[in-house]
Each structure stands twice: as structure tokens, then as C-alpha cells.
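Here are some exercises to work through with the structure open beside you. Try each task yourself before reading its solution.

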Amino acid sequence: MCHFTQRSSTSLCPKICNIFWRFHHTSTSHLCSCSKTISDEKCQDPFQLGRKDLKNLYEDIKKELLVSAAELKEMCDYYFDGKGKAFRPMIVVLMARACNIHHNNSKEVQASQRSVAIIAEMIHTASLVHDDVIDDANSRRGKRTLNQIWGERKAVLAGDFILSAASVALARIGNTTIISVLTQVIEDLVRGEFLQLGSKENENERFAHYLEKTFKKTASLIANSCKAVSILGCPDPKVHEIAYQYGKNVGIAFQLIDDVLDFTSCADHLGKPTAADLKLGLATGPVLFACRQFPEMNAMIMRRFSKPGDVERARKYVLQSDGVQQTTYLAQRYCHAATREIRKLRPSPEREALVHLTEMVLMREK
């Protein structure tokens with residue numbers, strides 16, 4: 001596993017067009033230096049370290065979703081079955097500990113910080129329920145979606161209910177700054193969905209559009225949740241920015257790898273159909289990079305792969321190009337940016353776990 005040493009930009013969209021072309025034309029053979037691996041440092045397993053603070057996480061979420069209607073309760077409990085990795089809550093509690101230690105060497109997670117982790121998972125799950133309705137998806141996490149079992153109308157209402165329960169939990173924290181930070185996530189999710197419905201004619205604008213959509217739909221939740229717990233644990237605005245930038249960069253990298261896996265992973269392993277984005281008419285990173293080698297893909301992108309054979313042809317072009325490789329490289333750049341940010345905090349096991357997490361994001365297979 002490589003320790004990435006090359007510099008990268010932490011900004012999302014400034015000069016994005018130039019960044020895109022530079023990424024595309026930079027040789028991936030100079031991607032990283034493997035002379036130093038994570039074994040050179042004290043390796044911290046993020047999931048092991050965060051386990052204590054995530055104990056009974058899903059039971060606590062179900063308490064927030066306490067409802068008398070049996071069918072609605074069954075729907076709300078469907079994804080909160082405790083079988084997920086709780087990736088977002090785990091990042092949040094690790095960031096909380098890292099910031100607390102940085103500020104006053106406190107090694108405990110505050111109750112309000114743990115509440116942010118719970119709220120983050122609830123917002124994320126509600127967004128998945130709504131996404132599945134919009135996409136008419138039939139599988140999620142290896143099982144049937146809510147909309148397939150209960151129908152679209154009830155699925156939308158279940159997603160709304162989860163979101164409303166998250167809002168109640170957020171209000172209970174009683175901090176107006178935290179409320180402002182986390183409600184930004186909900187706004188970004190909606191704006192990101194609208195961005196996904198559109199596309200750009202100009203190739204440079206198209207890539208910036210893709211990254212902005214990626215931030216709003218995926219990274220904003222992680223970035224703002226990390227920022228929220230840093231505010232609760234430390235008064236220093238510089239620390240708040242570190243937490244936000246770490247979450248933003250990890251979140252974008254996570255989605256970039258997700259977009260890669262849509263082309264490289266089998267459906268059984270991924271837990272959802274592969275080439276799903278193409279079937280939805282979406283041009284993700286691998287497609288946009290592949291388009292440079294196969295310009296005939298431009299027409300397919302603009303018609304959102306709607307003609308018979310478009311999906312199969314586009315997938316073939318992507319796998320023949322270096323689109324997957326370049327998208328992975330871009331994810332590595334974002335992960336390195338996240339590592340640079342988090343290393344600005346005082347050393348702690350939680351800080352090192354967050355560093356290790358960036359490498360886990362790159363190595364994941366589902």
C-alpha cells in the first residue's frame with residue numbers, strides 16, 4: 001500500500017479545467033513512492049478504534065425513529081439493520097476525538113458529537129432511499145430497495161420521515177451553528193441531485209460540473225459533519241477548516257472510487273448492478289476521461305446514453321481507455337490532500353486512523 005507524496009490541490013473547482021487536463025496527461029507511473037508504507041508508522045485500524053463510540057449506534061437511531069405505525073417502522077428499520085460499515089459515523093467520531101485531543105487532550109467523545117454521527121447516518125440513509133426512488137433502483141447493499149418492496153410513494157414518505165427525525169435530533173443539540181452547518185448538507189443534497197439531472201456541452205465545464213455534483217451529493221455530508229464535531233470540540237476556526245477539508249477530500253475520493261467500481265466490480269460483490277450510472281444516463285469520471293481518447297463518446301454523453309447499444313459501447317470504450325486509471329489517480333490526489341490536512345492536528349491514534357482511512361478508501365472493493 002503506497003504512501004502518496006505528490007502534492008495536490010485541495011480546492012474543488014478553481015482552475016478545474018486546467019487541473020483536469022493536467023491529471024489526464026500526467027503519467028500514472030509517477031503516482032506514488034512505495035519506499036515508505038503505512039507500516040513505517042503506527043497503523044491504526046479506523047473501525048477498531050471507532051468501535052467503542054459506535055456501540056449501539058443503530059439501536060440509538062431506531063430510538064430516534066420511534067413510531068407506532070408498524071409498516072413505517074419496518075421500512076425505517078430496513079436499512080438500519082446493523083450490517084453496514086457505518087463509514088460516515090466512524091469518520092465523525094474519529095474526527096471528534098482527534099479534534100478534542102488537539103484542543104485540550106480530551107480523549108472522550110462528547111454526547112453532542114456522537115449525536116452528529118447518528119444524524120449523519122440518518123441523513124445519508126434518507127438520501128439513499130430518495131435516490132433509489134429517483135433512479136428506480138431495484139437493489140441496494142445486496143438486497144431489494146424500499147421502493148421495490150413497498151412502492152415509490154411509501155418509500156418517499158419513509159425517506160422524509162427519516163430526514164425529519166434527523167432534524168429533530170439536530171435541533172436537540174441546541175447549537176445554532178451546528179444546525180446551520182448540517183442543514184447545509186440537506187441543501188447540498190438537493191442541489192446535487194438537480195446537477196445530476198443536467199449536463200454540459202463544453203468538455204471542461206462538464207468535468208467541473210461532475211466534481212461539483214460529487215461534492216454536493218457525497219462529500220458535503222462528510223465535510224460538514226467533520227466540521228460540526230470540530231466546532232463542538234475546539235474553538236479554533238483553523239481546526240474547523242482542517243476538519244472540513246479532510247472530510248471534503250475524503251468524500252470526493254470515496255465517490256470517485258465508487259464510480260470506478262461501477263466499471264470494474266461484479267454486481268454480486270458491489271451489492272448493486274454494475275454500469276448502473278451509464279444506464280441512468282450519467283457520465284462519471286471514467287467516462288469523462290475516456291472521452292478524451294474516444295471523442296465519439298461526446299454525442300452519447302449529450303443524449304445520456306439513451307440510444308440502443310449506447311451503454312454497452314460506452315462501457316467498452318471506458319475499459320479500452322485509461323479512464324479507470326485516471327479516475328483512480330484523481331482519487332489518490334484527493335486522498336493525499338486529506339492526509340496533508342489531518343496531519344496539521346496534534347498526533348494521536350485517531351489522527352493516524354484518519355490517515356489510514358484515506359488508503360482504505362482507495363483500496364476498497366465495494
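The exercises below go from the whole chain to single residues, and the model they use is a predicted one.

**Exercise 1. The overall picture**

Task: Find how many helices and strands the protein has, and what share of its residues count as buried.

Solution: Start with the secondary structure, which comes to 18 helices and 4 strands. Next, take burial: of the 366 residues, 56% count as buried. Finally, look at the contacts with a separation of 6 or more: residues 24 or more positions apart account for 76% of them.

**Exercise 2. Salt bridges within a helix**

Task: Work out which residue pairs with D77 in a salt bridge, and how the two are placed along helix α4.

Solution: First, the general idea: side chains of opposite charge can pair when their charged atoms come close. The partner of D77 is K73, with the closest N and O atoms 2.8 Å apart. D77 and K73 are 4 residues apart in helix α4, so about one helical turn separates them. An α-helix has 3.6 residues a turn, so residues three or four places apart point the same way. Now check burial: D77 has a relative accessible area of 17% and is therefore buried, while K73, at 38%, is partly exposed. M75 and C76 of α4 are buried as well. The cover over the buried residues of α4 includes α3, α7 and α8.

For a second case, go to helix α3, where D60 and K63 lie 3 residues apart. Their side chains meet in a salt bridge at 3.8 Å, N to O. K63 is exposed, because its relative accessibility is 61%. D60 and K63 are also linked with R114 in a network of salt bridges.

**Exercise 3. Partners across the sequence**

Task: Determine what A219 touches beyond its neighbours within four places in sequence.

Solution: At 0% relative accessibility, A219 counts as buried. Its contacts are T214, G247, K248, G251 and I252. Of these, I252 is 33 residues away in sequence, yet the C-alpha atoms of A219 and I252 are 5.4 Å apart.

Now try K344, found in the loop between α17 and α18. Beyond its sequence neighbours within four places, K344 contacts H102 and I242. K344 and I242 are 102 residues apart along the chain, and their C-alpha atoms are separated by 7.5 Å.

Conventions
Residues numbered from 1 in each chain as written. Predicted model: local features only at pLDDT ≥ 70, side-chain atom pairs only at ≥ 80, totals over all residues. Heavy atoms only, no water. Contact = heavy atoms within 4.5 Å. Buried < 20%, exposed > 50% of the residue type's maximum accessible area, 1.4 Å probe, protein only. Salt bridge = Lys/Arg side-chain N within 4 Å of Asp/Glu carboxyl O.
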